[in-house]
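Hi there,

I'm passing a structure on to you, and my notes on it follow below. Have a look at it first, then read on.

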Amino acid sequence: MSEIMTDGQGMALAAEGITVKLRSNAKITWEKFLQHKLAVVASLFLLTLAALCFLAPLIAPYEFDAIDLANIRKAPSVKHLLGTDALGRDLLTRLLYGGRISITIGLTAAMLGTAIGTLIGSMAGYFGGRIDNLLMRLTDLAYSIPTLPLIIVISSYSNTQAVGIVMIIGFFSWMQTSRVVRGAILSVKENEYVTAARALGSKDRLIIIRHVLPNISNSIIVGATLGVGNAIITESSLSFLGLGVSPPTPTWGNMLMDSQATMSSQPWLTIFPGMAILLTVLCVNFIGDGLQDALDPTL
Amino acid sequence: MLRYVIRRTIQMVPLLLAISVVIFTIIQAAPGGPEGTLLDRGMFVDPAAIDAYRARLGVDQPVFMQYFKWLGAMLTGDMGISFQTQRPVLIMILERMPDTLRLMGLSFVVAAIIAIPLGVFSAVKQYSTFDFIATGASFVAIAMPVFWFGLMMQYLFSVKLQWLPVAGTVTVGVGGFVDQLKHIIMPATVLSMHSIAGWSRYMRSSMLGVLNQDYIRTAHSKGLSRRTVISVHAVKNASIPVVSVMTLDIARLFSGAVITETIFGWPGIGRMFIQAMHARDYPLLMGIMMMGSTMVVVFNLIADVIYGWLDPRITYE
């Protein structure tokens with residue numbers, strides 16, 4: 001109970017000759033996060049996986065586009081740990097290279113979506129009135145059109161590359177964040193410290209950035225984490241429909257698209273990329289769960 | 001209540017109009033235009049023929065004129081003519097509707113029957129092995145791409161075990177209830193997976209909230225059996241927000257149906273959407289998108305009405 005206390009309390013106790021260890025907010029959060037075993041394991045796993053993927057050019061056993069016609073469609077073996085595809089390309093190598101794109105798309109699309117959502121939500125919540133009304137009707141509108149079909153139609157327009165996919169996913173995944181941020185701002189804005197800041201003559205922009213957003217960062221961070229998982233799944237669904245990042249650049253999604261037709265004879269080509277997506281998204285969601293508990297000051 | 005429903009229905013009009021503008025704009029932004037589809041197939045190269053075709057479709061007029069024409073026709077139930085089949089879009093959608101409704105309906109019922117008890121038991125036995133497994137399973141289900149789950153099911157049950165047909169709705173020449181059931185099991189399971197995971201998590205947390213309430217303690221202290229307290233007092237109150245979420249999700253099932261129907265060759269609206277996308281059949285795409293959006297808006301209203309109806313604390317003014 002006495003773990004969380006203000007400087008003032010600490011000094012008062014210190015004056016009474018009791019030693020108090022003051023801990024920063026970040027440290028408290030960090031310690032609470034470490035108690036969430038699953039989230040810690042998930043973080044370690046994900047960091048390892050990401051490191052392997054991004055170091056792929058150094059550690060991958062083969063080139064991702066090295067065609068080896070003598071060894072096509074080989075089942076997993078010592079030479080090719082996860083087998084080879086229809087062109088004799090090493091599946092493990094392609095999974096590692098694919099992970100770079102898939103994880104990057106997940107992270108950047110979630111960041112874009114969160115940024116847009118935070119901007120719209122904080123403007124609506126902070127200014128209120130007509131701006132709020134307008135922005136929330138915009139959110140309703142974006143919410144009402146089924147997202148996946150919409151993303152599918154827009155992606156079908158062009159031979160999309162990774163940047164395009166990130167933009168499309170990001171632009172259509174901000175609605176949840178904007179609603180959460182708006183709600184949080186509405187409750188934070190009534191606090192005395194915001195009134196005080198305004199009385200001192202702070203500009204709106206400064207108040208939002210310095211005083212309001214840090215106090216609602218919890219919900220933004222948790223939302224963004226879940227957004228990463230969703231973006232990875234959306235990218236893979238698009239690639240599966242042939243609308244994602246075009247080959248030969250491997251992503252987990254387009255590897256699945258390629259493998260579909262030969263699933264009955266070469267199941268490993270379908271199983272492993274799917275497992276990679278599943279494990280990555282699972283870990284991201286566990287981390288989100290851990291962060292939610294760790295960042296919640298009422299727990 | 002009636003006044004509330006009427007007011008909300010009137011409010012739906014500007015929203016639907018805005019949706020129609022967005023959908024129309026997005027489709028208009030498509031490269032190539034309608035004749036692009038035909039040019040791609042090398043069907044005609046004569047510029048005069050292309051102009052005649054554009055005139056027949058009405059795409060030679062200014063964009064806003066096209067919009068008002070489309071909107072006006074839409075209001076009378078005329079969703080235009082499909083580029084692919086040259087048949088009315090509305091008829092095509094209605095033809096596919098029964099199969100999609102069958103799949104979505106079964107998925108919804110199955111998901112509800114599984115998710116609610118799952119959530120209740122998880123909450124009642126919080127932190128038990130059962131709760132741990134149910135929570136873990138729902139995390140896995142949420143992290144799993146729908147299409148990959150479908151492919152894995154096909155591999156296991158159709159290729160390896162040969163228990164279930166890989167795709168379609170019925171075996172030609174066989175038919176009958178059992179055959180149809182065999183065809184629908186896998187797509188319905190895949191489509192309901194996310195709902196089961198989401199709703200059971202939601203039911204669990206709602207139940208946990210209710211179990212801490214004073215009236216539950218009162219019910220216990222009145223000497224009611226644990227079973228009565230849970231089934232009558234707790235589940236009833238805990239399911240109010242869940243029912244509202246489930247209603248909203250009916251419309252969202254449509255997004256899932258797009259992928260599920262494509263994998264399992266299910267001849268519903270979702271698969272037709274993907275086919276229309278590949279064929280750049282814009283009237284059909286617009287019709288399906290409009291239908292999907294209208295569903296979201298309507299079920300939004302239904303969810304709010306049900307919520308107020310179930311929860312007497314809420315009054316509509």
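This is a predicted model: local features need pLDDT of at least 70, side-chain atom pairs count only at pLDDT 80 or more; totals for chains, interfaces and linings use all residues.

On the α13(A) side, the contact is made by L278(A), V281(A), L282(A) and N285(A), while α6(B) brings F139(B), V140(B), I142(B) and A143(B). Sorted by class, that contact has seven nonpolar residues, one polar and no charged ones.

As for the geometry, the two axes lie 8 Å apart, and α13(A) and α6(B) pack at an angle of about 120°. That angle is why α13(A) counts as oblique to α6(B).

Next, a closer look at the partner from chain B. Helix α6 of chain B runs over residues 129-143, which is 15 residues. From first C-alpha to last it reaches 21 Å, close to the 21 Å expected at 1.5 Å a residue. Which of its residues are buried? In α6(B) these are A134(B), S138(B), A141(B) and A143(B). Their cover draws on both chains, including α11 (204-240) and α13 (268-295) of chain A as well as α5 (89-124) and α8 (176-211) of chain B.

Finally, the wider interface. Here 31 residues of chain A are in contact with 33 residues of chain B. On the chain A side, the elements giving two or more residues are α6 (129-144), α7 (147-155), α11 and α13. The largest share, seven residues, comes from α13(A). By class, that side of chain A has 19 nonpolar residues, 11 polar and one charged.

Enjoy exploring it!

Best wishes

Notes: Residues are numbered from 1 along each chain as its sequence is written. Chains are lettered from A and ligands numbered from 1 in the order in which they are written. Helices (H or I, at least four residues) and strands (E, at least two) are DSSP runs, numbered from the N terminus. The expected span of a helix is 1.5 Å times one less than its number of residues. A residue is buried if 20 or more other C-beta atoms lie within 10 Å of its own, exposed if 12 or fewer, and partly exposed in between; C-beta atoms are placed from the backbone. Two residues are in contact if their C-beta atoms, placed from the backbone, lie within 7 Å. Ala, Val, Leu, Ile, Met, Phe, Trp, Tyr, Cys and Pro count as nonpolar, Asp, Glu, Lys and Arg as charged, and the others, Gly among them, as polar. Axes are lines fitted to C-alpha atoms, for helices over the stretch in contact, and angles run from 0 to 180 degrees between N-to-C directions. Angles under 35 degrees count as roughly parallel, over 145 as roughly antiparallel, 65 to 115 as roughly perpendicular and the rest as oblique.
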